[in-house]
Amino acid sequence: MISTTALRYFVEAVRCGSIRAASEILFVAPSAISRQIGLLEETLGAPLLERSRGRSTLRLTAAGELLMRYAKSVDSESRRLRSEIEAIQGLRRGHVNLGIPESLIRDFMPGFMARFTRRFPGFTFNVQVYNSPQLIEMLVDDRLDLCLTFGNVTHQDATIAYQRLLPLYVYVSADHPLHGRETLRLSDCAEHGLALPDATMWTKQQYDEMLAKAKIRPRLVLETNSYELLRNVSAEGMALSILTPPLQDTQHLAGRGRYVLLKDPRAKPQRFSLCVHRGRNLPLPVTTFTNELTAELEQLEPESAAAAVRPGR
DNA sequence: AGCACTTCTAACAGGAGGTC
DNA sequence: GACCTCCTGTTAGAAGTGCT
C-alpha cells in the first residue's frame with residue numbers, strides 16, 4: 001500500500017528538484033522526506049530517484065516516472081470524485097472574498113475565475129487588490145476568505161493552503177542589449193538602469209540584500225509600489241526590472257519584451273502562497289473555490305511557462 | 001583547499017490506536 | 001487508565017559534490 005504522505009513528499013521533491021527545497025515547502029525536515037521516499041522505494045522494490053549529493057538536482061528513474069504518472073492520475077481522480085460529490089450536494093452557488101497582489105490582475109486570475117464561473121455559474125466574488133502584507137492583515141481580520149501572496153508568510157494566524165517557490169527573472173525589452181541572452185547574472189545588470197520596488201514593498205529589502213551581497217550598487221532609474229509599472233517601463237526599454245515569471249504561459253503577457261532567467265546564486269526564489277485564516281471553519285463554497293484554485297496552481301509549471309514566453313509583439 | 005549545500009543514517013521523542 | 005506498538009517527526013553528525 002502506498003502511503004499518501006510518502007506520495008505527496010515524493011511529488012514535491014520531484015517538483016522542487018531537491019529534498020531540501022521540498023522540506024521548506026512541506027515544513028518538515030529533509031530527513032523525514034528522505035525516509036518516506038526510501039520507504040516508498042522499499043515498498044515498490046525499485047529506486048525512484050537518482051540522487052546525488054551537492055547541488056545537482058534529483059532525477060527520476062523509470063520507476064519514478066511511472067509513480068509520477070500514477071500520482072497525477074490519483075490527483076485527477078480525486079478532483080473528479082470531489083466534483084461528483086459537489087454535484088450531488090447541489091453546490092452551484094456561493095460567494096468568495098478573495099485578495100490578490102497586483103501582479104495577478106492580468107496573469108492567471110482572470111482566466112481561472114472565468115473557467116471557475118463557467119463550472120459554477122452561481123458564484124459571486126469580491127476581489128481586493130493590495131500588497132501581500134496588507135492582504136494577510138485583511139485575511140486574519142476575516143475581511144477576506146483567502147488570499148494569494150508573494151514572500152514569506154510569518155503571521156501566526158495565517159495558514160498556507162498551497163505554496164511554491166518561483167525563480168526570479170529579469171524583464172528585458174525587445175531593443176535592449178541583453179534581450180538575446182538565455183540567462184543573466186546580477187553582475188550583467190550592474191551597468192544598466194534598474195527599476196525596483198520602493199520601500200513600501202516587502203521585496204525591496206530582499207532585492208537590496210541580494211544586490212549588496214553581489215557587491216552591486218544599481219543605477220536606480222525608477223522606484224515604485226506598482227509591479228505593473230515596473231514591467232511596463234521595462235517593456236518600453238527605460239530600465240531592467242527583476243520580477244517573478246507569469247504563472248500562465250500566454251503570449252500576450254510577454255508584451256514587447258521577454259523574461260530572462262536570473263541565474264545567480266544570490267537570487268533566491270520567491271515564495272508564492274495561497275493563505276487562509278488559521279482555525280477558521282470556511283464555508284463549503286470557499287472550500288470548493290480554494291480546492292479548485294489549488295488544483296489549477298498545481299498544474300502550472302512556472303519555469304517552463306516563463307521559458308515559453310518568447311519575445312513578443 | 002575551503003566553504004556551502006545536500007542527502008543519508010542513527011538515535012530519540014511524541015502522538016495515535018489497540019489491548020487489557 | 002496504563003501499557004505497548006507502530007508510525008512519523010526531529011536533531012546531530014557524517015560524507016559527498018559543486019562553486020569560488
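Ring pairs join F108, F112, F116, F120, F123, F125 and F289 into a cluster. Rings of Phe, Tyr and Trp (its six-membered ring) are paired if their centres lie within 6.5 Å; planes under 30 degrees apart are stacked, over 60 edge-to-face, and the rest tilted. The count by this rule is 11 aromatic pairs. The model is predicted: local features need pLDDT of at least 70, side-chain atom pairs count only at pLDDT 80 or more, and totals for chains, interfaces and linings use all residues. Residues are numbered from 1 along each chain as its sequence is written, chains are lettered from A and ligands numbered from 1 in the order in which they are written, and side-chain values use heavy atoms, with hydrogens and water left out.

Two pairs within the aromatic set centre on F116. The rings of F116 and F120 are stacked, because their centres are 4.7 Å apart and their planes stand at 25 degrees. F116 and F289 pair edge-to-face, with 5.0 Å from centre to centre and 80 degrees between the planes. This second pair links distant parts of the chain. F116 belongs to helix α5 and F289 to helix α10, 173 residues apart. Helices (H or I, at least four residues) and strands (E, at least two) are DSSP runs, numbered from the N terminus. Burial is defined by relative accessible area: under 20% is buried, over 50% exposed, and anything in between partly exposed (1.4 Å probe, protein chains only). F116 is buried at 3%. F120 is buried as well, at 0%. F289 is also buried.

Leaving aside neighbours within four places in sequence, F289 is in contact (heavy atoms within 4.5 Å) with V96, L98, M109, F112, F116, F125 and L146.

The largest nonpolar core has 26 residues. A nonpolar core is a set of buried Ala, Val, Leu, Ile, Met, Phe, Trp, Tyr and Cys residues joined through side-chain atoms within 4.5 Å. M109, L146, L148, F272, F289, L293 and L297 touch the most other members. At least two residues of this core come from each of β3 (93-100), α5 (109-119), β5 (146-150), β6 (158-166), β13 (270-277) and α10 (284-299). Another core lies apart from it and has 19 residues, including L184, M210, I216 and L262.

Charged contacts were examined next. The structure holds eight salt bridges. A salt bridge is a side-chain nitrogen of Lys or Arg within 4 Å of a carboxyl oxygen of Asp or Glu. One of them joins E228 and R106, at 3.5 Å from N to O. This bridge links distant parts of the chain. E228 lies in helix α9 (residues 227-235), and R106 lies in the loop between β3 and α5, 122 residues apart. E228 is partly exposed at 22% relative accessibility. R106 is partly exposed at 31%.

K204 and D208 form another bridge, at 3.2 Å from N to O. Both residues sit in helix α8 (residues 203-213); they are four residues apart and so separated by about one helical turn. K204 is partly exposed at 22%, and D208 is partly exposed at 35%. K204, D208 and E223 are linked in a network of salt bridges.

R266 and D264 also form a salt bridge, their closest N and O atoms being 3.4 Å apart. R266 is partly exposed at 34%, whereas D264 is buried at 9%.

The surface carries a nonpolar patch. I105, V127 and V129 form it, with about 200 Å² of accessible area together. Patches are made of residues with over 30% relative accessible area and no salt bridge; like charges are joined within 9 Å, nonpolar side chains (Val, Leu, Ile, Met, Phe, Trp, Tyr) within 5 Å. Accessible areas come from the Shrake-Rupley method with a 1.4 Å probe, and for residues only the protein chains shown count as cover. V127 lies in strand β4 (residues 122-129). V127 is partly exposed, at 31% relative accessibility.

Backbone angles complete the description. Most residues other than glycine have a negative phi. F108 has a positive phi of about 75 degrees although it is not a glycine. F108 is found in the loop between β3 and α5 and is buried at 1%. D142 also has a positive phi, near 65 degrees. D142 lies in the loop between α6 (132-140) and β5 and is partly exposed at 41%.
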